[in-house]
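Here are my notes on the model, point by point. Please read them with the coordinates open.

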2 protein chains.
Amino acid sequence: RPRTILNEVLFFPSEVACVEHILKPSPYSCLCMLPHDVETSFSRLLRHILSASSSLDLCLFAFSNMDLCSAVLALHSKGIIIRVLADSDYAAITGSQIGVLRKAGICVRCDLSSVCMHHKFAVVDDRLLLNGSLNWTLKAVQSNMENVVVTEVPDLVQPFVKEFHRLWVHSDPA
Amino acid sequence: RPRTILNEVLFFPSEVACVEHILKPSPYSCLCMLPHDVETSFSRLLRHILSASSSLDLCLFAFSNMDLCSAVLALHSKGIIIRVLADSDYAAITGSQIGVLRKAGICVRCDLSSVCMHHKFAVVDDRLLLNGSLNWTLKAVQSNMENVVVTEVPDLVQPFVKEFHRLWVHSDPA
Ligand SMILES: [Zn+2]
Ligand SMILES: [Zn+2]
């Protein structure tokens, strides 16, 4: 049964809506004041990340968004192999979730050089690429005009798999 | 004759090499000190932009790279329809080429809202999408780790064509 190759573009700012049911499926309904049962660009992004069944590679200039951090931690506790490449300057900034990921036991590496690591991409299961202008911050998701391309096209995904490996090997594991 | 759908990923920083022969093909060889006849990520990017035969839509947070500006001006003088959507704050910054484009008679619009326009994409002939982390600055091209996805996949290109139109209509033509 041939599967269709997934291609989707998410545009931001995203509508603000509750994502609790995506992060923590539970029989109880959430009582917060945000709209519920609304599919948004952000909820689509979370679902794609949470679709990982074996690995998640993140190469991110900025990572301060707490919902995205919760999603990564949830995958980690399910046994998904997570690798995070972060910009060394941004990783040290207040609000960065890089320290939280490290404390949870996730492998984080920072670029060694003085070169700014400006990527914002994720590869799910070596199969699905998420890439665009969106930094993983609250401002980017809720306040900026941004895009994330979601694609399974192998000619687009494989160069990112290779580049991630190249950068990972040349980065500081400390 | 079915054409192959183009898919390519460019990674940066680019090697530094002369791009004069791409911008101004001439029978005389360039005498500058940079390496010549080297294909780099940046020369590939320029070639894709210069491949425009009818239109070029740019939606850019930052545009200060003079070679990219030269490429856009060359297309404009050939009669290619150019539209530029720029971030209003960045457009006013020293080194921004937005004023140069305006003076040359190119249509430039800035976002009206206080929302940061953080996109970095180009659509060539409503057919080819260039999108990624790369701002159109010299630093991004030569000093940062960046990516540009180059694709003709209609399911990826068409959402950007639509989003550009939506943003264009809602922007300030002044
Ligand atoms: Zn809720
Ligand atoms: Zn030269």
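1. Start with the charge over the ring in chain B. The model is predicted. In it, the charged end of B:Arg83 sits over the ring of B:Trp168, 5.5 Å from its centre. Chain A has a contact of this kind too: the charged end of A:Arg83 lies over the A:Trp168 ring, and the distance to the ring centre is 5.4 Å.

2. Stay with B:Trp168. Its ring also pairs with that of B:Phe164: the centres are 5.6 Å apart and the planes meet at 20 degrees, so the pair is stacked. Planes under 30 degrees apart count as stacked. Both residues belong to helix α7 of chain B; they are 4 residues apart, so about one helical turn separates them. B:Phe164 is buried, with a relative accessible area of 1%. B:Trp168 is buried as well, at 8%. B:Trp168 thus has the charged end of B:Arg83 over its ring and B:Phe164 as its stacking partner.

3. The structure holds 10 aromatic pairs over all chains. One of them joins B:Phe121 and B:Phe160, with 4.8 Å between the ring centres and 65 degrees between the planes. That geometry is edge-to-face. The pair links distant parts of the chain.

4. Now the relation between the copies. A rotation of 180 degrees superposes chain A on chain B, with 0.0 Å of shift along the axis and an RMSD of 0.0 Å. The two copies are therefore related as by a two-fold rotation axis. The same surface serves both: 100% of the contact residues of chain A recur in chain B.

5. Check the cis peptide bonds. Most peptide bonds are trans. In chain A, a cis bond joins A:Phe12 and A:Pro13, with omega about 10 degrees. A:Pro13 is found in the loop between β1 (7–12) and α1 (20–23) of that chain. In chain B, B:Phe12 and B:Pro13 are joined by a cis bond, again with omega about 10 degrees. B:Pro13 is placed in the loop between β1 (7–12) and α1 (20–23) of chain B.

6. Check the positive phi values next. Most residues other than glycine have a negative phi. A:Asp126 has a positive phi of about 55 degrees, although it is not a glycine. Where is A:Asp126 found? Its place is the loop between β6 (120–124) and β7 (128–132) of chain A. A:Asp126 is partly exposed, with a relative accessible area of 40%.

7. Chain B has an entry of this kind at B:Asp125. Its phi is positive, near 55 degrees, in a residue other than glycine. B:Asp125 is found in the loop between β5 (120–124) and β6 (128–132) of chain B. B:Asp125 is buried, with a relative accessible area of 15%. Note the strand labels when moving between chains: residues 120–124 are β6 in chain A and β5 in chain B.

Note on methods: Residues are numbered from 1 along each chain as its sequence is written. Chains are lettered from A and ligands numbered from 1 in the order in which they are written. This is a predicted model: local features need pLDDT of at least 70, side-chain atom pairs count only at pLDDT 80 or more; totals for chains, interfaces and linings use all residues. Side-chain values use heavy atoms; hydrogens and water are left out. Copies are superposed by least squares on the C-alpha atoms of residues with pLDDT of at least 70 in both. Contact means heavy atoms within 4.5 Å. Helices (H or I, at least four residues) and strands (E, at least two) are DSSP runs, numbered from the N terminus. Buried means under 20% relative accessible area, exposed over 50%, partly exposed in between (1.4 Å probe, protein chains only). Rings of Phe, Tyr and Trp (its six-membered ring) pair if their centres lie within 6.5 Å; planes under 30 degrees apart count as stacked, over 60 as edge-to-face and the rest as tilted. A charge sits over a ring if NZ of Lys or CZ of Arg is within 6 Å of the ring centre and within 35 degrees of the ring normal.
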